[in-house]
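User: I am new to reading protein models, and I would like to go through one slowly with you. Could we take its features in turn, with the general idea before the particular case?

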Amino acid sequence: MMPSLRGGGTSPSLDEYHPIRILSAADGQMIVAEGTTSLSFRICVGIILSLLTCVQLLVAVYFIRNRTNSLLLLSQPIPLTLTVFASSVATLSAYLFAFPENDIACASRQPIIFTSLSLIGTLLSTRAWRIGSILAPAADFASSAGGGEKLHGGNNNSSRSKLTIERAHTVAMNILTRLSTLSIACGKSRRITLGGGGKGIRRQIDTTQLLFVTVILMMPQLTLQVLNVAVPIMRATSTNRPIVPFVIGLVLTALPFLLALLLNTSEGSSWQIFQEYDMIKSSVLIALTVLVVTIPSMLMLPAEVEVPNLTAFLQTASLLGLALPLFYQIAFIKFISIRTKSFDNSKDVLSRKKSSDSASSQMNDDAVKISAAEEAMTMAKMLGHMGSLDASVDAFHKT
């Protein structure tokens, strides 16, 4: 304990367990500086964030090692792995809130957090654009050449809002496709033609083009964060928190997620099974729910008293409320599904090896029949999605 600056009684000594620090006194008025989190808080939060980050990195490594897996190929493994890596960076960057308030920690928070979150949203958008661009020409070809019925009837039951969303979806897809053609290294999109008709049924967009479009969409956020670090008047410090760069960065972070939701909304499309609208929507709703709790809690803290542990906890929860649900919905569920499928396949292989030669021969014959039936069923579903009902019925009867 030490004598109080007011002359009466005593005040806590200065150590890390009493974060409120008295700097000076003038005219009998104390000046209280912003405190720092306790050592125990930093240790606990560091352990938790490290474990979460390790789980995310392990999933990313698993995706890279199994990128040729048939189930993982449908999810575009390289962009998906980059999404997981960006999520791990966002998770680990939450530890910056537990650091003492200094100029380095304050200046590095916004660039790291906003850039990683923007990269997640941008990759979600470009993945949806890629799968839509690849499958849309095939759907148009099947709908026109197969003689089938269109998915949307002519009775115009959709509301104006749905029509507006569809138009915005088409405009966004066209803009991203035009951006992909700016890459000299990638060149133009290639098409596979059917017979001699010259009508393309599939457009190929490689990973290089997808990453190029991702970088183009990230340029506004990257430019802003470079300016935040390079320009002193825009740089956040322990005593200066510019509000305008923060608001602009927040808006640029939210826009990619809105674009991802837009690109994943196309009712009746042939690539609807690949869409992640519900996953992104539920993750965003979870994040908004967390913010509804944390932001009012921070605003209700007394202005004259600093509670650094509670403030850092609420800020960390606000960031993890978006990063963790997205990781779980987009990546971890796929990871569990692929692991479960691989485990089931390995069990089937072991059981087949233990059977007799005659039983194995009969099993192989049955497997061939089942495989042919599954192939016919798959073709029926694909043709049904593309609008050719007659061909779908014929393929179904072949089973």
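User: What volume does the largest pocket have?

Analyst: Please keep in mind that this is a predicted model. The largest pocket has a volume of about 1500 Å³. Its lining is made of 42 residues, and the ones closest to the centre are F97, F246, M298, Q315 and S318.

User: Which elements give two or more residues to the lining of the largest pocket?

Analyst: Those elements are α4 (103-145), α7 (243-263), α8 and α9 (308-354), and the largest share, eight residues, comes from α7. Sorted by class, the lining holds 29 nonpolar, eight polar and five charged residues.

User: How should I read the length of a helix, and what span should α8 have?

Analyst: The idea is to compare an expected span with the distance between the two ends. Helix α8 (residues 277-299) has 23 residues, so at 1.5 Å a residue it should span 33 Å, and its end C-alpha atoms are 32 Å apart, which agrees. Within α8, the residues I280, S283, A287 and T294 are buried.

User: Is L261 buried or exposed?

Analyst: Buried means under 20% relative accessible area, and because L261 has 18% relative accessibility, L261 counts as buried. L261 has its place in helix α7, and, leaving aside neighbours within four places in sequence, L261 is in contact with Y277, I280 and K281.

User: Which side chain forms a polar contact with that of Q56?

Analyst: The side chain of Q56 is joined to that of S87 by a polar contact of 3.0 Å. Q56 lies in helix α1 (residues 39-65) and is buried, because its relative accessible area is 0%, with under 20% as the cut-off. Apart from neighbours within four places in sequence, the residues in contact with Q56 are V84, S87, S88, T91, L324 and F327.

User: Which residues does Q225 touch, not counting residues up to four places away in sequence?

Analyst: On that count, Q225 touches Q110, P111, F114, T115 and G249. Q225 belongs to helix α6 (residues 207-230), and its relative accessible area of 4% is the reason why Q225 is called buried.

Conventions. Residues are numbered from 1 along each chain as its sequence is written. This is a predicted model: local features need pLDDT of at least 70, side-chain atom pairs count only at pLDDT 80 or more; totals for chains, interfaces and linings use all residues. Side-chain values use heavy atoms; hydrogens and water are left out. Helices (H or I, at least four residues) and strands (E, at least two) are DSSP runs, numbered from the N terminus. Buried means under 20% relative accessible area, exposed over 50%, partly exposed in between (1.4 Å probe, protein chains only). Contact means heavy atoms within 4.5 Å. The expected span of a helix is 1.5 Å times one less than its number of residues. On a 1 Å grid over the protein atoms alone, a cavity is a set of points where a 1.4 Å probe fits but cannot get out, and a pocket is an open set with protein on both sides within 12 Å along at least five of seven lines; lining residues have an atom within 4 Å of a point. Grid points are joined across faces, edges and corners, and a volume is the space filled by probe spheres set on the points. Ala, Val, Leu, Ile, Met, Phe, Trp, Tyr, Cys and Pro count as nonpolar, Asp, Glu, Lys and Arg as charged, and the others, Gly among them, as polar. A polar contact is a pair of N or O atoms within 3.5 Å; within protein, one must be able to donate a hydrogen and the other to accept it, and residues adjacent in sequence count only if both atoms are side-chain atoms.
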